[in-house]
Amino acid sequence: MDKYLIINADDLGSFLGANVATFDLLESGCITSSTVMMPCMWARQACHWAKEHPEYAIGVHLTNTAEWGKCKWGPVAHEGTESLRDEEGYLWTKTEEFEENADIDEARRECLAQLALARKLGLNPSHWDNHMGTLYGISTGRVEMLQMILELSAEVGLPFRFPLNGIAGPEQEKALETGVPRAVIEMLFGNVRDFIKERGIVCPDYLVGHQYDDDNKQSYETFREYMFEFVKSFPAGVTETFIHPGTENGEAITASGAGIHRFWEYSVYKDPQFQQHLTAIGIKKINYRDLAAMRA
């Protein structure tokens, strides 16, 4: 079986630097997809750009948290979203806070509001996913949140980021650091997989995200070396990996202590040698529109 890879740039629309870097990576063919954070300041520019460039697979990054202390945003829906807001009226900071406080109907309303705004601004979404994994319900075991977004995905006819083949890779192992037992999560994946197939929802086989640790975040060179090895681990089938590209002096550097890592991610994927490496190890890049056609 061939190795297909969707490379999705999350957080489009969050900052100007994220937009500049993502547009460049899409135009140069270095990544294949992206998703827009609709509550954020630069979402309008991202949607207008997507309208002018329909050849790229750009979707909606359903956003229920505002995790950066120096930069906050609230829900798109102005009414009926009280449970999604903190005491200052912004979205909750942590995934756990969202899951513990969110009313399921209000969460659904906000998902639809973000999708409606994207379309109003000219975006024809190729897919949607969720920022910080809030809609998986894994952090607190709130499985009805995942059921809600899967039912909604079937209703609106959009592919959704959910790994059909269960827990694999560092990002999924990280999910097991919650208080939810592994056996429960494995059972959940099995039930969800059956539901997805019954409803005809388009999803990738695997979701694998890179990690930062004390070794690979010492410098750009150590991170680059790590990434060359990391992509060798991608299995046969359709894998999605996600990055958060940004420019070197973008606002994310100030808003988030991890801002420089966003520039590293942009730089690695822009690197011609890295792109050649992907081809050399047998990876075929596709986007979410390609995946939908494959699963039709």
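In this predicted model, Leu 16, Asn 19, Phe 23, Leu 26 and Glu 27 of helix 1 meet Gln 45, Ala 46 and Trp 49 of helix 2. By class, this contact of helix 1 with helix 2 comprises 5 nonpolar, 2 polar and 1 charged residues. The briefing continues with the geometry of this helix pair, then turns to the strands, to two further helix pairs, and to individual residues.

**Helix 1 and helix 2**

- Helix 1 spans residues 16–27 and helix 2 spans residues 43–52; the two pack at an angle of about 20°, and their axes are 10 Å apart.
- Because of this angle, helix 1 is roughly parallel to helix 2; the cut-off for that description is an angle under 35 degrees.
- The crossing of helix 1 and helix 2 is right-handed.

**Strand 1 and its partners**

- Strand 1, residues 3–12, pairs with strand 2, residues 33–36, in the parallel sense, over 3 bridges.
- At one point of this pairing, Leu 12 stands opposite Val 36 in strand 2.
- Strand 2 is covered on both faces: Ser 33 and Thr 35 are buried on one side, and Ser 34 and Val 36 are buried on the other.

**Strand 6 and strand 5**

- Strand 6 runs from residue 237 to residue 243 and is mostly covered, with 7 of its 7 residues buried.
- Strand 5, residues 206–207, is joined to strand 6 by 2 bridges, and these two strands run parallel.
- Leu 207 has Glu 240 as its bridge partner in strand 6.

**Helix 8 and helix 11**

- Helix 8, residues 220–230, packs against helix 11, residues 272–280, at an angle of about 15°, with the axes 10 Å apart.
- This angle makes helix 8 roughly parallel to helix 11.
- Helix 8 passes helix 11 in a right-handed crossing.
- Arg 224, Met 227 and Phe 228 of helix 8 make the contact with Gln 273, Phe 274 and His 277 of helix 11.
- These contact residues of helix 8 and helix 11 divide into 3 nonpolar, 2 polar and 1 charged.

**Helix 8 and helix 10**

- Helix 8 also packs against helix 10, residues 259–270, at an angle of about 55°, with the axes 10 Å apart.
- Helix 8 and helix 10 are therefore oblique to each other.
- The crossing in which helix 8 passes helix 10 is right-handed.
- On the side of helix 8, the contact is made by Tyr 220, Phe 223, Arg 224 and Met 227; on the side of helix 10, by Trp 264, Glu 265, Ser 267, Val 268 and Tyr 269.
- The contact of helix 8 with helix 10 has 6 nonpolar, 1 polar and 2 charged residues.
- Arg 224 and Met 227 of helix 8 take part in the contact with helix 11 and in the contact with helix 10.

**Residues with a positive phi**

- Asp 11, a residue other than glycine, has a positive phi near 70°.
- Asp 11 lies in strand 1 and is buried, with a relative accessible area of 1%.
- Met 132 is not a glycine either, and its phi is positive at about 60°.
- Met 132 is placed in the loop between strand 4 (128–130) and helix 5 (143–156).
- With a relative accessibility of 38%, Met 132 counts as partly exposed.

- Ala 66 is found in the loop between strand 3 (57–62) and helix 3 (95–101).
- Ala 66 is buried, with a relative accessible area of 0%.
- Leaving aside residues up to four places away in sequence, Ala 66 touches Lys 72, Trp 73, Leu 91, Trp 92 and Thr 93.
- Ala 66 and Met 132 are 66 residues apart in sequence, and their C-alpha atoms are 9.8 Å apart in space.

Terms used:
Residues are numbered from 1 along each chain as its sequence is written. This is a predicted model: local features need pLDDT of at least 70, side-chain atom pairs count only at pLDDT 80 or more; totals for chains, interfaces and linings use all residues. Side-chain values use heavy atoms; hydrogens and water are left out. Axes are lines fitted to C-alpha atoms, for helices over the stretch in contact, and angles run from 0 to 180 degrees between N-to-C directions. Helices (H or I, at least four residues) and strands (E, at least two) are DSSP runs, numbered from the N terminus. Angles under 35 degrees count as roughly parallel, over 145 as roughly antiparallel, 65 to 115 as roughly perpendicular and the rest as oblique. A crossing is left-handed if the near helix is turned anticlockwise from the far one by less than a right angle, and right-handed if clockwise. Contact means heavy atoms within 4.5 Å. Ala, Val, Leu, Ile, Met, Phe, Trp, Tyr, Cys and Pro count as nonpolar, Asp, Glu, Lys and Arg as charged, and the others, Gly among them, as polar. Buried means under 20% relative accessible area, exposed over 50%, partly exposed in between (1.4 Å probe, protein chains only). Two strands pair if DSSP finds at least two bridges between them.
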